[in-house]
Amino acid sequence: QVQLVESGGDSVQAGGSLTLSCTVSGNLYRNYCMGWFRQAPGNEREAVAYITTDGRTNSRESTSYADSVKGRFTISRDNAKNIFYLQMNNLKSEDTGMYYCAADRGLCMTAMTTLAARLSQGYWGQGTQVTVSS
């Protein structure tokens, strides 16, 4: 059984930075798709970033970002600790929301707009709140 737990959410001023963590317990195996999502009150859930790799072929990790966060957010993984990160810089008030991580075995092989559908049968965390004040 795979479980995901997010942490690192906080209240920050606009222009500040935060790093969110998604700790994975259980085995995703060597090929996986992992994504970060966010949802603000009254808004639909939005895919923020994903990371995917095929460990069987020793290929490099591939990442993708929503246009709204490109150049400001970075998704990464610490393989030794089995933790995924979302480094968020130059935060804006519109980045406010509950942030969720989700993961599944197998490559992502999808666009950002369909990432939630791709991970719908995978594993989801409970979320961590990010509040950015201007």
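Visitor: Numbering the bonded cysteines of the protein chain in sequence order, what is the pairing?

Guide: The pairing is 1-3, 2-4. Keep in mind that this is a predicted model. It holds two disulfides.

Visitor: What makes Cys-22 and Cys-101 a disulfide?

Guide: The cut-off is a pair of cysteine sulfur atoms within 2.5 Å. For Cys-22 and Cys-101 the S to S distance is 2.1 Å, so the pair counts as a disulfide. In general, a disulfide is a covalent bond between the sulfur atoms of two cysteines.

Visitor: Where in the chain do Cys-22 and Cys-101 lie?

Guide: Cys-22 is in strand S3, residues 18-25, and Cys-101 is in strand S9, residues 97-105. They are 79 residues apart, and the pair links distant parts of the chain.

Visitor: Why is the disulfide of Cys-22 and Cys-101 called right-handed?

Guide: Because the torsion about its S-S bond is about 70°.

Visitor: How do you know whether Cys-22 is buried or exposed?

Guide: Buried means under 20% relative accessible area. Cys-22 has 0%, so Cys-22 counts as buried. Cys-101 also has a relative accessible area of 0% and is buried.

Visitor: What makes Cys-33 and Cys-108 a disulfide?

Guide: Their S to S distance is 1.9 Å, and the limit is 2.5 Å, so this pair qualifies. Cys-33 lies in strand S4, residues 31-39, and Cys-108 in the loop between S9 and helix H1 (115-118), so the bond ties together parts that are 75 residues apart in sequence. The torsion about this S-S bond is about 90°, so the disulfide is right-handed. Cys-33 and Cys-108 are both buried.

Technical notes
Residues are numbered from 1 along each chain as its sequence is written. This is a predicted model: local features need pLDDT of at least 70, side-chain atom pairs count only at pLDDT 80 or more; totals for chains, interfaces and linings use all residues. Side-chain values use heavy atoms; hydrogens and water are left out. Helices (H or I, at least four residues) and strands (E, at least two) are DSSP runs, numbered from the N terminus. Buried means under 20% relative accessible area, exposed over 50%, partly exposed in between (1.4 Å probe, protein chains only).
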